[in-house]
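Take a look at the structure first, then read on.

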Amino acid sequence: MRRAKIDWVLAGILAAMTIAVTACGSSSSSSSSASLPSKIGAGEGQLTLVAWEGYAQPEWVKPFEKQTGCVVHSKYAGSSDEMVTLMRQGGGQYDMVSASGDASLRLIRGGEVQQMNVALVPEWKNFIPQLQSPPHNTVGAKHYGISLQWGPNTLLYNTKSVQPAPTSWAAIYSPKYKGAVTVPANPIQIADAALYLSKTQPSLGISDPYELTEAQLNAAVSLLKGQRPLIKKYWALASDEIELFKNGDAVIGAAWPYQYSTLIADKSPVKQIIPSEGATGWADTWMLAAHAKDPNCAYKWVNWVSSPKVQAEQAISYGETPVNTQACQFMETIQKGSCSVYHANAPAAYFDTIKFWKTPVAECGNGQSDCMEYSKWQQKWTEVTQ
């Protein structure tokens, strides 16, 4: 995926921005390295998070609260757009957000998050190289967050109702399952359609599902409009899709591994696959709000969820891949074989096959500025779903 152009654009924007940095009991109006906290102070007693559902589970939150005295309050968001809105309108209400790549750059651009000091996160050195300083949270060599977990968006289906077993994303566009299809209520879903078209209609010339010209965007939107009559529901929260599958209201759809692992635990007859066309995916980051009221608890939280044991617990609970390379041994202790199942020991080549979420911008990989920026995607998604 082309990253350099986004970095260049953001660097220019950020150079003109003043981002408030609330640093472990002190504050500064500068985002330079000199203004970053040099140590973590005493916890403030609480921590307020905007998170993906399943990211603040009791099994690792309760021990954290007991050890640090920082009581965690979580607000689950169903989409990256909702996360951005909450952080922009929260008025300092939230300390951190577990932003995916399609939200993190918007938060950096908008000044909703502040630079963080990776030197205060000892496990950072054990992260996979691709997620130590990725372009979705590191701009101009400044870290605006600490990477957390990553994984693919999968095709989920009911094994009793969907036969033969699907191998392609074509299944969620098929009238065969009319009224029983579900996909995320999220404009970034356009990228899934674009990825499918890049393989099935190569004449469109789509090389990156997040860098779409007007014609390419319109082609993806046309596919999604054709899918609209097949949809039972556009799901907002992961639990929405879980209920749809449990109740039999949906039998196939686009999902995250979290839905699959939850349904399997409930003994539902489901499977998930990465179809032949490939998959989009996410790489999530804990980002510190520009006006966080509890920065010490925030740094303590980042260190807690970056530790190998908690990384392993979250990976298995959610069905995703830890960024900490030391998590495998703990994963194997919890669930034998899970390290390989979730690709925690996979080579870099596997990581590179996933088209990770990023914010669409006007600059295309061809050196032109004829791609459709995210606001256009939002407008088109509204046309699809209404």
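Lys 267 counts as exposed because its relative accessibility is 75%; the scale runs from buried (under 20% relative accessible area) through partly exposed to exposed (over 50%), with a 1.4 Å probe and protein chains only. This is a predicted model, with local features needing pLDDT of at least 70 and side-chain atom pairs counting only at pLDDT 80 or more, while totals for chains, interfaces and linings use all residues. Residues are numbered from 1 along each chain as its sequence is written, and side-chain values use heavy atoms, with hydrogens and water left out.

- Lys 267 has a positive phi, near 65 degrees, despite being a residue other than glycine.
- Lys 267 sits in the loop between helix 8 and strand 13; helices (H or I, at least four residues) and strands (E, at least two) are DSSP runs, numbered from the N terminus.
- His 343 also shows a positive phi, near 60 degrees, and belongs to the loop between helix 12 (338–341) and helix 13 (348–353).
- At 29% relative accessibility, His 343 counts as partly exposed.
- Gln 163 and Pro 164 are joined by a cis peptide bond, with omega about -5 degrees.
- Pro 164 falls in the loop between strand 9 (154–158) and strand 10.

**Helix 5 and the cores**

- Helix 5 is mostly covered, with 10 of its 12 residues buried; among them are Gln 189, Ile 190, Asp 192 and Tyr 196.
- Those buried residues pack against strand 10 (181–184), helix 6 (214–227), strand 12, strand 14 (280–288), strand 16 (355–356) and helix 14 (374–385).
- The 12 residues of helix 5 should span 16 Å at 1.5 Å a residue, and the end C-alpha atoms are 17 Å apart, which agrees; the expected span is 1.5 Å times one less than the number of residues.
- The largest nonpolar core has 110 residues, and Ile 190 is one of those with the most contacts inside it, as are Met 96 and Trp 150. A nonpolar core here is a set of buried Ala, Val, Leu, Ile, Met, Phe, Trp, Tyr and Cys residues joined through side-chain atoms within 4.5 Å.
- Helix 9 (residues 295–306) gives the most to this core, seven residues.
- Another core lies apart from it, with six residues, including Ala 312 and Tyr 342.
- Leaving aside neighbours within four places in sequence, the contacts of Ile 190 include Leu 212, Val 221 and Trp 377; contact means heavy atoms within 4.5 Å.

- On a 1 Å grid over the protein atoms alone, a cavity is a set of points where a 1.4 Å probe fits but cannot get out, a pocket is an open set with protein on both sides within 12 Å along at least five of seven lines, and lining residues have an atom within 4 Å of a point.
- Grid points are joined across faces, edges and corners, and a volume is the space filled by probe spheres set on the points.
- Helix 5 (189–200) and strand 12 (252–255) each supply at least two residues of the largest cavity's lining, which includes Gln 189, Asp 192 and Trp 357.
- The largest pocket holds about 310 Å³ of space, and 16 residues line it, with Thr 154, Gln 272, Val 341, Tyr 342 and His 343 nearest its centre.
- Helix 8 provides the largest share of that pocket lining, three residues.
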